[in-house]
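Here is a short report on one protein model. Keep the sequence and the 3D view side by side as you read.

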Amino acid sequence: MARKTEITLPRVDDRLRSVGIIMDGNGRWAKKRLLPRSAGHIAGAKIVERVLEDFKAMGVHHITLYAFSTENWKRPKEEVDGLMALLYKYLDEVVAPKILRDGDFSVRFLGDKSVLSEKLRNKCIEIENMLTDAPFVCNIAFNYGGRDEIVHAVNEALKEGCSPITEEDIRRHLYTAGSPDPDLIIRTGGDFRVSNFLIWQGAYSEYYVTETLWPDFDREEIIKAYDAFYSRKRRFGGLDPEDSGNQN
Ligand code: IPE
Ligand code: IPE
Ligand code: MG
């Protein structure tokens, strides 16, 4: 049997340009191993680069990773502090060297950075400014909430004097402005919910949920998500082109 790393990745076409991932299940992964939750977050961070490389190899140009929600502040201070420290370390030790070495990904943060510590905020800005026109884009949703994003966008449109506010006015002020909406949103950890992730942009996304916990999300899982996506018929409210000639 082929080793997992030897599994060949399929190529995507224009139908799958953008993927969002709700990286859930780190805590349960740790609990199963009688480890602290922080060990689950560390294990989850370790697989991110490989997942990015795999989607890049498949030709997916936009990846959006849900790393910390506006609701995750409700967690114990120790866990929140650990997640902030982990993001800083990850950006400093993995992301910045990768951008310098490979020059393939532009990184953008989705969410309100103003409440992050100055040290972390500056690191995020430094990373964003390192490379702004790379062929691939990785959005990191951190202190991100879809409701917060829409309220922020509406307020920006109001400041511009838009009246009445149109969909385009809102779209222009979303944190994702300029990026295509996700074609596919993957959620690990088995829960069938959105948890405030890309609620505007995901209006017509295909959803794929796997029971697999985030630190165990491997190449086989990516292929399962790919197969599920290509088995769907996206109609966007219209009719399937194959059926549209048939009025019966
Ligand atoms: C997702 O894993 C990571 C974050 C929300 C930061 P969880 O920490 O939610 O893991 P579970 O859902 O408790 O297993
Ligand atoms: C969603 O996971 C947020 C992230 C993966 C960052 P949560 O664990 O916070 O979601 P709920 O609480 O189960 O809805
Ligand atoms: Mg969770």
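How many helices and strands does the secondary structure of the protein come to? It comes to seven helices and six strands. Helices (H or I, at least four residues) and strands (E, at least two) are DSSP runs, numbered from the N terminus. Along the sequence, the pattern reads β-α-α-β-α-β-α-β-α-α-β-β-α. The radius of gyration is 19 Å, close to the 18 Å that the globule rule gives for 248 residues, so the protein is as compact as a globular protein of that length. That radius is taken over C-alpha atoms, and the globule rule is 2.2 Å times the number of residues to the power 0.38.

Two notes on method come next. This is a predicted model, in which local features need pLDDT of at least 70 and side-chain atom pairs count only at pLDDT 80 or more, while totals for chains, interfaces and linings use all residues. Residues are numbered from 1 along each chain as its sequence is written, chains are lettered from A and ligands numbered from 1 in the order in which they are written, and side-chain values use heavy atoms, with hydrogens and water left out.

## Overall build

Taken along the principal axes, the C-alpha atoms fill a box of roughly 60 × 60 × 35 Å. Of the 248 residues, 49% are buried. Buried means under 20% relative accessible area, exposed means over 50%, and partly exposed lies in between (1.4 Å probe, protein chains only). The accessible surface is about 13300 Å², and carbon and sulfur atoms hold 53% of it. These areas come from the Shrake-Rupley method with a 1.4 Å probe; for residues, only the protein chains shown count as cover.

Now consider contacts (heavy atoms within 4.5 Å). Among contacts with a separation of 6 or more, 75% join residues 24 or more positions apart.

Leu65 gives a local view. This residue lies in strand 2 (residues 62-69). Leu65 is buried, at 5% relative accessibility. Leaving out residues up to four places away in sequence, Leu65 touches Ile21, Met23, Val48, Leu52, Cys138, Asn139, Ile140 and Ala141. Leu65 and Trp214 are 149 residues apart along the chain, yet 12 Å separates their C-alpha atoms.

## Charges and salt bridges

The protein carries 36 positive and 40 negative side chains. Lys and Arg count as positive, Asp and Glu as negative; His and the chain ends are not counted. The centres of the two sets lie 4 Å apart. For this, a charge is placed at NZ of Lys, CZ of Arg, CG of Asp or CD of Glu.

Side chains of opposite charge can pair when their charged atoms come close. A salt bridge is a side-chain nitrogen of Lys or Arg within 4 Å of a carboxyl oxygen of Asp or Glu. The count comes to 30 salt bridges. The table shows some examples.

| Salt bridge | N to O distance |
|---|---|
| Asp81 and Lys77 | 2.6 Å |
| Asp169 and Arg172 | 3.1 Å |
| Lys224 and Glu221 | 3.2 Å |

Where do Asp81 and Lys77 sit? They are four residues apart in helix 3 (residues 77-102), so about one helical turn separates them. Asp81 is partly exposed at 37%, and Lys77 is exposed at 62%.

Asp169 and Arg172 are three residues apart in helix 6 (residues 167-173), separated by about one helical turn. Asp169 is buried at 10%, while Arg172 is partly exposed at 37%.

Lys224 and Glu221 share helix 7 (residues 219-231), three residues and about one turn of the helix apart. Is Glu221 buried or exposed? Glu221 is buried, at 7% relative accessibility, whereas Lys224 is partly exposed at 43%.

Elsewhere, salt bridges with shared partners link Glu49, Glu53, Lys56, Lys98, Arg101, Asp102 and Asp104 into one network.

## Backbone details in the loops

Which residues does a cis peptide bond join? Ser163 and Pro164 are joined this way, with omega about -5°. Pro164 is in the loop between helix 5 (146-159) and helix 6.

Leu34 is not a glycine, yet its phi is positive, near 55°. Leu34 lies in the loop between helix 1 (26-32) and helix 2 (37-58), and is exposed at 79% relative accessibility.

Asn196 is not a glycine either, and its phi is about 70°. Asn196 is in the loop between strand 5 (184-187) and strand 6 (206-209). At 12% relative accessibility, Asn196 is buried.
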